[in-house]
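I opened this entry to keep track of what I looked up, one topic at a time. Notes follow in the order in which I checked things.

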Amino acid sequence: MAVAARPNAATEARSSTVRTWAAKHGIRTAVLVVGLTIFTVWTLFPFLWIIETSLKPNKDLYGDASLIVKHPTLTHYDYVLNKTKFFTYFKNSLFVSVSTTIIAMFIGILAAYAMTRLSFRGRTVMARTIIVTYLVPGSLLFIPVFQIASNLQLTNKASGLIIVYLIGTVPFCTWLAISYFNTIPTELEDAALVDGANRFQSLVQIIIPLALPALAVIALFAFTQSWNEFLFALLLIGRDSEKTVPAGLAGLINGDVFQWGALMASSIIASLPPILIYIASQRWVVSGLAGGAVKG
Amino acid sequence: MAVLPRVAPSGEVFTRSWATRTFGRDWKIAWLFLTPLVIVLVGLIAYPFISAVVLSTQHKVVGGPATWVGLDNYRDLLIGKQYSEIFRNSVWVSLLYTGVSVCIKVVLGMCMALMLNEKFRGRTVMRAILFLPWAMPTLIVALTWRWIYDGTPNGLLNLLRIDYFGSKELVQWLANPHIALWSVIAVVIWQGTPFYTMMFLAGMQAIPQEQYEAASMDGANVFRRFASITLPSLKPVLIITTLLSTIWTANSINFIYVLTKGGPGNATMTFPMLAFQIGIDGARQLGTAAAVSVLFFPVFIIAIFLLTKRMLAQEERA
């Protein structure tokens, strides 16, 4: 009312907009700075602790502990790389994860094509089944899978781990591939089919090239999932030459004695593949992962 | 009869159209493409699933013969002397563990997503940093936190308390039955929040900017805009994310296994950890262990049912 009574109401209104904007902007910035600082500290302090630990000599880790790295050393890295079979573990992990990813992607892509492009009875039931299997609680399958794997002599073998890892990765890859294939217009394929290409050719020559970035992200997720799994790796692999990284890490724990320096040093090396993958695919992570499970 | 071969072409068309009508246009090639998937689903998921149910009616020690005992395993868990107390305890611990973790992850994930959805310089870097825990291998996260929680003056938290807060006593973050569960929950939250943030962010990016502009013009403040635009638009994402994460959180023993193995004194013994303890780590009673998991399955059927419906609906909308 006071504004309307004044002659230069327009100027007044504008300056008040500016003022509220400034006030709001100030609060907004303050909230962002404080909030993001808290989140960053909360997120990063364990990483700093890992790095610190890996660089401290044992006498600074135990006994005379302090927050500052007083005598930085690479002894733990030297120990892990030269005195343990870390390279073997790393190689085994790589083999298991890559194989799992390739097999799961092959199965997932074929199935996703059928689910999104072909018309057949049972499609809806199949879609439901895929989701349900994706959601079946891991704890329910854990005991029988462990028992079956032991019965079938799948222990101490990379192939055993690969088979077990397919349980999680196959429904995951299939479901995400279905979500993505759904977004590719069918018209693109129709032309090729009219020209006499069969379904397999159309999948390989048209759909896969179009979906390549999304498929790469799905594959990276599947790889990370297999790389990070550790319970089965600990239970099924006992022989040193067949151990994957997680099982190898467990070897640095003797009963209740944890060799923290060596553990943290190998943790850093073992985290590199998933972290590098994450940084490389970071641009697509939000749209890729969320887009698969949820369409916004 | 001799006439029949001549109508064979049309007859063939007839049979094909019959098969097509019954099984769908591309049923042959479709099931060919689906065969590998079906093999995995049947062999690696359905078969173990049924084995779990069968196992739960047997008395079986790892490597030993199986004898059918009917519902004895269930009776042991529900009213038996040896297991009923620890089983009931695991129901309560699981509820607390899952409920608290999921609630805090939703709230923190929402706050993080709201901030990361704002436009500011360095947003990409900020996102990359805040999502890092999600990319870390679980075992390494768990080990790192075990070392942070170390009960000697060398663990990070105790070190900070002594060096910077002048405290004299050591806190047993993982060995004190009153604290252990909360320590484990903190780790679950640390690694789990980014997943919520990502899902919420993806949902927020799909909300048309015009809605906010219109609301601002109408004089709606930040809180009003959040309550009347952001939250309703995010509802499907919120429900799916929460249900997914509830299933995963409740069933995962990764953190508990490394941090406490269910101890001290069963303070962190969630039901999957209990199953693991009974079946694999301790008594090696596979039957009883399977019964623990099977008993909890109905809880998840509801979540799975709701999720399946929603995910299918999302799919058809696409």
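**Kinked helices**

I started with H2(B), where a kink of about 45 degrees lies at B:Thr35, shortly before the proline B:Pro36. The model is predicted, so I kept the confidence cut-offs in mind: local features need pLDDT of at least 70.

I then checked the span of H2(B). The helix has 29 residues, and its end C-alpha atoms are only 36 Å apart, whereas a straight helix would reach 42 Å at 1.5 Å a residue.

A straight helix of 30 residues would span 44 Å, but H10 of chain A spans only 36 Å between its end C-alpha atoms. In H10(A) I found a kink of about 70 degrees at A:Leu212, shortly before the proline A:Pro213.

**Contact between the chains**

How many residues does each chain put into the contact? I read 85 residues from chain B and 81 residues from chain A. On the side of chain B that touches chain A, helix H2 (residues 27-55) gives the most, with 16 residues. By class, I noted 64 nonpolar, 15 polar and 6 charged residues on that side of chain B.

**Nonpolar core**

I looked up the largest nonpolar core, which has 165 residues. A:Leu166, A:Ala177, A:Ile218 and B:Val292 have the most contacts inside it. Helix H8 (residues 158-181) of chain A gives the most to this core, with 16 residues.

I followed up B:Val292. Leaving out residues up to four places away in sequence, B:Val292 touches B:Leu77, B:Phe87, B:Phe271, B:Leu274, B:Ala275 and B:Ile278.

**Chain A overall**

I counted 13 helices and 2 strands in chain A. Buried residues make up 45% of its 296 residues. Of the contacts in chain A with a separation of 6 or more, 73% join residues 24 or more positions apart.

**Confidence in chain A**

The average pLDDT of chain A is 83, and 88% of the residues score at least 70.

I marked two stretches where pLDDT stays under 50. Over residues 1-7 of chain A the model has 5 contacts beyond four places in sequence; over residues 292-296 of chain A it has 20 such contacts. Where pLDDT is low, the predicted coordinates should not be read in detail.

**Positive phi**

Most residues other than glycine have a negative phi. I noted two residues with a positive value.

A:Asn156 has a phi near 60 degrees and lies in the loop between helix H7 (138-151) and H8 of chain A. A:Asn156 counts as partly exposed because it has 15 C-beta neighbours inside 10 Å.

B:Lys261 has a phi of about 55 degrees and sits in the loop between helix H11 (254-259) and helix H12 (271-281) of chain B. With 17 other C-beta atoms within 10 Å, B:Lys261 is also partly exposed.

**B:Arg21**

Is B:Arg21 buried or exposed? I found 10 C-beta neighbours inside 10 Å, so B:Arg21 counts as exposed. B:Arg21 is in helix H1 (residues 4-23) of chain B. B:Gly80 is 59 residues from B:Arg21 in sequence and 56 Å from it in space, C-alpha to C-alpha.

Note on methods. Residues are numbered from 1 along each chain as its sequence is written. Chains are lettered from A and ligands numbered from 1 in the order in which they are written. This is a predicted model: local features need pLDDT of at least 70, side-chain atom pairs count only at pLDDT 80 or more; totals for chains, interfaces and linings use all residues. Helices (H or I, at least four residues) and strands (E, at least two) are DSSP runs, numbered from the N terminus. A residue is buried if 20 or more other C-beta atoms lie within 10 Å of its own, exposed if 12 or fewer, and partly exposed in between; C-beta atoms are placed from the backbone. Two residues are in contact if their C-beta atoms, placed from the backbone, lie within 7 Å. Ala, Val, Leu, Ile, Met, Phe, Trp, Tyr, Cys and Pro count as nonpolar, Asp, Glu, Lys and Arg as charged, and the others, Gly among them, as polar. The expected span of a helix is 1.5 Å times one less than its number of residues. The bend at a residue is the angle between axes fitted to the seven residues ending there and the seven starting there. pLDDT is the predictor's confidence in each residue, from 0 to 100. A nonpolar core is a set of buried Ala, Val, Leu, Ile, Met, Phe, Trp, Tyr and Cys residues joined through C-beta atoms within 7 Å.
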